[in-house]
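Reader: I am new to this structure and would like to go through it with you. Could you begin with whatever term I will need?

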Amino acid sequence: MTAVTTLGLLEMKARGEKITMVTAYDWATAKLLDESGIDILLVGDSLGMVMLGLDNTLAVTMADMLHHCRAVSRGAKRAFLVGDMPFMSYQVSVEQALANAGRFLQESGMHAVKVEGGREILPAVEKMTANGIPVMGHLGLTPQHMHQLGGFKVQGRTQDAAQNIRESALALQDNGAFALVLECVPQTLAESISRELTIPTIGIGAGPGCNGQVLVFHDLVGLYDRFTPKFVKQYAQIGTVMRDAVQNYVRDVKDGSFPGPEHVFK
Ligand code: KIV
């Protein structure tokens, strides 16, 4: 078993091998995903929505992130681990960005951090990468900007908006980013950016032209029923399986059929 590294990811892009990335937030799921061969585990700030029941990611804190990152790092042996920097943990100053990014590597076992945005965060990206912290960028629909974007909407539809995303992608690469998430952008734009960049692109709602794909784990297995975006493919309905299991347990306890003779100590 060879552990996935930033260099390994670059090589995967070079030889045309698609990169798989899924979010993880706890030990048990991280272990299962790692054993299933996922290349990158992202401890996404989406945990605010799918684990903590918040309406969006804005209230997620550094403490929340580090707590979940620690659990994930205990469960994974092969996958490359990326911790999502929460809203306002890297925007206030370059020094604050560096200090907070360092905590992901030093205190919670992550290998890299992810940040949302373009031009405005380049000095922070440069500082982090210059100090040995691998940075994954995130462009297109950036959920931490949801109030400015007017909700969770496809980005880069006009020529200007597409050009802005393209220039930001190149600038993130020039400032040291090792990979880039492209979320909810037209597939032709994602495809051409993926061709232009030397670093890998990981798409979510960005079509098959990216160098890899990412999904939120709860969407992939059908465990989050508040909203399912068009780009999600559900590979299971785990929510239904879990509900059935628990309803059967309730029934068995109520009617006395659990615990049975095989579950008791004689
Ligand atoms: O927070 C998250 O889960 C993400 C992915 C959707 C890319 O940023």
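This is a predicted model: local features need pLDDT of at least 70, side-chain atom pairs count only at pLDDT 80 or more; totals for chains, interfaces and linings use all residues.

Reader: Then how far is the polar side-chain atom of Asp84 from an oxygen atom of the ligand?

Author: The distance is 3.1 Å between a polar side-chain atom of Asp84 and a ligand oxygen.

Reader: And what about Asp45 and Ser46?

Author: Asp45 has a polar side-chain atom 3.0 Å from an oxygen atom of the ligand. For Ser46, an N or O atom in the side chain is 2.5 Å from a ligand oxygen.

Reader: How much of the ligand does the protein bury?

Author: The protein buries 96% of the 260 Å² that the ligand exposes when taken alone.

Reader: Which other residues are around the ligand?

Author: Besides Asp45, Ser46 and Asp84, the residues around the ligand are Thr23, Leu42, Gly44, Lys114, His138, Ile204 and Val216. By class, this shell has three nonpolar, four polar and three charged residues.

Reader: Changing topic: how many helices and strands does the chain have?

Author: The chain has eleven helices and eight strands.

Reader: And what does its radius of gyration say about the chain?

Author: The chain has a radius of gyration of 20 Å, which agrees with a compact globule, because a globule of 266 residues would have a value near 18 Å. Along its principal axes, the C-alpha trace spans about 70 × 40 × 40 Å.

Notes
Residues are numbered from 1 along each chain as its sequence is written. Side-chain values use heavy atoms; hydrogens and water are left out. A residue is near a molecule or strand if one of its heavy atoms lies within 4 Å of it. A polar contact is a pair of N or O atoms within 3.5 Å; within protein, one must be able to donate a hydrogen and the other to accept it, and residues adjacent in sequence count only if both atoms are side-chain atoms. Accessible areas come from the Shrake-Rupley method with a 1.4 Å probe; for residues, only the protein chains shown count as cover. Ala, Val, Leu, Ile, Met, Phe, Trp, Tyr, Cys and Pro count as nonpolar, Asp, Glu, Lys and Arg as charged, and the others, Gly among them, as polar. Helices (H or I, at least four residues) and strands (E, at least two) are DSSP runs, numbered from the N terminus. The radius of gyration is taken over C-alpha atoms; the globule rule is 2.2 Å times the number of residues to the power 0.38.
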